Amino acid sequence: MKPEPVLRLVGVTKEYGEEVVTRVLHDIDLTLEQGEFAALIGPSGSGKSTLLNIIGLLDRPTSGQVLLQGQDTRGLDEDALARLRARTLGFIFQFHHLMPAFTALENVMMPALAERGWPDERMRTRALELLAQVGLKERAGAYPRQMSGGQQQRVAIARALTMSPALVLADEPTGNLDTGTSAQVFELLRHINREQRMTFLIVTHDPRLAQQCDRIIEVVDGRIVSDRREPRRSG
Amino acid sequence: MPFELFVALRFLREGRAQTALIFAGASVGVAVIIFLSALIDGLQASLVDKTLGSQAHILLRAPDEAARPLVSSPDALVQVVRPAQRLRTIDQWQQVLRLMERTPGVTAVSPSVSGAGLASRGTASRSIVVRGVEPERFERIIDVPSKLVAGQWRLLGAEAVIGQKLARELGVVVGDTLRVTTADGRADSFLVTGLFDLGTQEVNERWVLVPLRSGQTLLDLVGGVTTLELRVTDLFGAQALAERLSQRTGLVAESWMTLNAQLLVALQSQSSSRYMIQFFVIIAVALGIASVLVVSVVQKSREIGILKAMGTTTPQVMRVFLIQGAVVGLVGSLLGGLMGAGLARFFASLATNPDGSPTFPIQLDAKLFLTASAVAIVTGLLSAVAPARRASGLDPAVVIREA
Ligand SMILES: Nc1ncnc2c1ncn2[C@@H]1O[C@H](COP(=O)(O)OP(=O)(O)OP(=O)(O)O)[C@@H](O)[C@H]1O
Ligand SMILES: [Mg+2]
């Protein structure tokens with residue numbers, strides 16, 4: 001039996017505005033299988049972030065279905081969506097979005113803490129492991145303002161992985177970093193994907209980075225205009 | 001530490017200046033409430049104390065004799081005759097006394113006879129009130145022993161304790177003899193054993209306290225008493241109790257509250273102005289807390305968006321901000337309690353009476369602090385409601401997009 005795809009979009013449409021309706025996404029169908037490492041590319045304003053937010057359950061489609069691991073998300077209320085988000089999705093944003101009042105370790109623990117309510121030793125151990133994985137074990141006690149942009153983004157990656165999500169959504173995760181750092185961060189994501197067979201969907205403007213993904217989905221004017229799978233390169 | 005408290009405390013810590021501002025605001029508010037209450041409670045307590053220093057809480061006496069029409073013959077003029085001004089005694093007062101002692105809320109009962117008289121020594125004489133009392137019962141109604149300025153509190157046989165002013169006017173000192181004559185000519189001599197200052201001019205210049213038995217003889221009321229004086233636990237419930245006692249006994253019962261109606265009005269208007277001030281202080285503090293928290297919600301909207309994107313639920317976000325409000329209230333009540341108590345003490349020490357007691361007495365008790373803390377915490381919580389709703393209503397997608 002074939003396992004459920006991590007993500008399935010069926011006829012997803014998104015419109016904004018009440019009187020002047022602008023259709024930002026047109027009838028999108030998309031499936032991501034477990035372990036895929038996919039890039040989402042397209043010109044500015046084409047609807048990439050909108051699509052990512054809908055997949056991330058941060059926004060609802062005007063019509064169409066979003067299924068996460070086979071579960072239909074229509075009809076779930078805000079808090080049910082929040083819980084589903086916590087358990088199955090990880091987010092990495094362009095501007096890292098760490099919480100300045102908390103240390104790197106606390107930031108990484110935060111999703112687990114929010115989900116379980118009380119801190120425990122397992123949470124700490126897991127957060128430290130993740131920090132080690134992104135090469136920041138020594139910086140566990142540092143506050144975001146004490147770290148470089150690349151370090152902050154790596155903490156954000158560790159945070160996205162805390163709940164062992166089925167799908168990690170990254171919106172221009174390297175958009176704010178210089179070329180060298182950008183390549184390192186991308187390598188880290190690639191590494192985690194290979195090691196843990198975790199599924200990634202990454203919005204990027206950088207064609208060289210996109211070339212290194214297994215699959216490239218291109219959106220123009222709210223429509224998927226191409227969806228190519230690259231032959232898997234050996235890691 | 002639970003998630004919400006952890007995040008709330010960090011948010012407060014992160015807000016440094018703002019947090020300091022609302023902590024200060026809440027503290028000052030609590031301090032004002034404590035200070036004002038301490039001062040007004042103290043003032044009222046001392047006013048009541050002074051008034052009740054020479055008064056029983058409730059007085060029971062026989063009803064006035066009804067004026068009765070006197071008809072001599074069918075066609076004669078109807079004459080209304082008022083009985084002569086005569087002291088009336090309470091029927092079976094021992095039984096009434098025992099009944100009073102068993103009444104819940106009554107802590108002491110003292111029988112006494114009182115009547116007008118004249119006190120003289122040598123050529124000097126003054127009109128007085130002779131009060132025959134049982135000293136060990138009477139002192140539980142009016143604390144004469146602690147208010148003696150000379151001699152001792154002793155009424156054995158033909159001994160009397162009199163007001164300081166009367167003693168001065170008659171030139172009497174402890175150990176002298178005083179002659180007391182009543183309206184119908186009975187007279188007796190008493191050895192003055194003590195002088196008191198009960199704080200009231202009228203009492204200090206007129207009261208002559210003698211043993212109950214001597215009083216009864218002098219006033220020609222052997223075996224009888226004219227009043228039963230009561231002390232009660234609930235000072236401000238005295239009037240209600242008096243009314244019930246009056247119904248049960250058929251006697252006239254007057255509470256200190258009716259006898260001092262003006263004082264009561266003054267106390268009430270003091271209390272209402274104090275509640276008014278406190279109300280506005282609370283409103284001002286609440287608005288301050290709320291506006292600072294709203295600003296912090298705006299400043300932290302990105303972080304709130306991230307928390308929600310990570311799966312934090314709406315009630316959790318609500319609680320993060322409600323807790324901040326409660327913490328502000330708690331810190332305010334601790335700091336404000338200290339400030340208020342300090343301020344009240346300082347104020348009381350500023351002006352003192354010649355005897356060393358403060359001119360503005362203050363009254364600080366645990367109940368006041370507990371009430372103020374509860375008010376502060378509830379105020380903090382309530383003022384956080386609007387900011388909390390605002391925070392929990394933030395749409396993470398919008399917040400993250402606008403970063
Ligand atoms: N809340 C909104 N209300 C109205 N229009 C919106 C809203 N959010 C996005 N849009 C519009 O939807 C379109 C797609 O926006 P989106 O942010 O998804 O583009 P994008 O592909 O992520 O662009 P970029 O590469 O610049 O990040 C844009 O035309 C944008 O103006
Ligand atoms: Mg975008």
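How much area do chain A and chain B bury between them? In this predicted model, the two chains bury about 2,500 Å² between them, and 63% of that area lies on carbon and sulfur atoms. Chain A brings 30 residues to the contact, while chain B brings 28 residues.

Let's look at the polar side of this interface. The rule finds one salt bridge across the interface of chain A and chain B. Its partners are A:Glu106 and B:Arg10, whose side chains come together at 2.5 Å, N to O. Eight residue pairs are in polar contact across the interface of chain A and chain B, with both residues at pLDDT 80 or more. On the side of chain A that touches chain B, the elements giving two or more residues are helix H1 (48–55), helix H2 (78–88) and helix H3 (104–116) of chain A. Sorted by type, the residues on that side of chain A are 19 nonpolar, six polar and five charged.

Now let's move to a strand in chain B. Strand E1, residues 58–61 of chain B, has B:Ile58 and B:Leu60 on a covered face, whereas B:Leu59 and B:Arg61 sit on an uncovered one. In a regular strand, side chains alternate between the two faces of the sheet.

Which strands pair with E1(B)? One is strand E12 (residues 252–255) of chain B, which pairs with E1(B) in the antiparallel sense over four bridges; here B:Ile58 has B:Ser255 as its bridge partner. Another is strand E11 (residues 227–232) of chain B, also antiparallel to E1(B) and joined to it by four bridges. In E11(B), B:Thr227 is the bridge partner of B:Arg61.

Definitions and conventions:
Residues are numbered from 1 along each chain as its sequence is written. Chains are lettered from A and ligands numbered from 1 in the order in which they are written. This is a predicted model: local features need pLDDT of at least 70, side-chain atom pairs count only at pLDDT 80 or more; totals for chains, interfaces and linings use all residues. Side-chain values use heavy atoms; hydrogens and water are left out. Contact means heavy atoms within 4.5 Å. Buried area is the accessible area (1.4 Å probe) that two parts lose on being put together, summed over both. A salt bridge is a side-chain nitrogen of Lys or Arg within 4 Å of a carboxyl oxygen of Asp or Glu. A polar contact is a pair of N or O atoms within 3.5 Å; within protein, one must be able to donate a hydrogen and the other to accept it, and residues adjacent in sequence count only if both atoms are side-chain atoms. Ala, Val, Leu, Ile, Met, Phe, Trp, Tyr, Cys and Pro count as nonpolar, Asp, Glu, Lys and Arg as charged, and the others, Gly among them, as polar. Buried means under 20% relative accessible area, exposed over 50%, partly exposed in between (1.4 Å probe, protein chains only). Two strands pair if DSSP finds at least two bridges between them.
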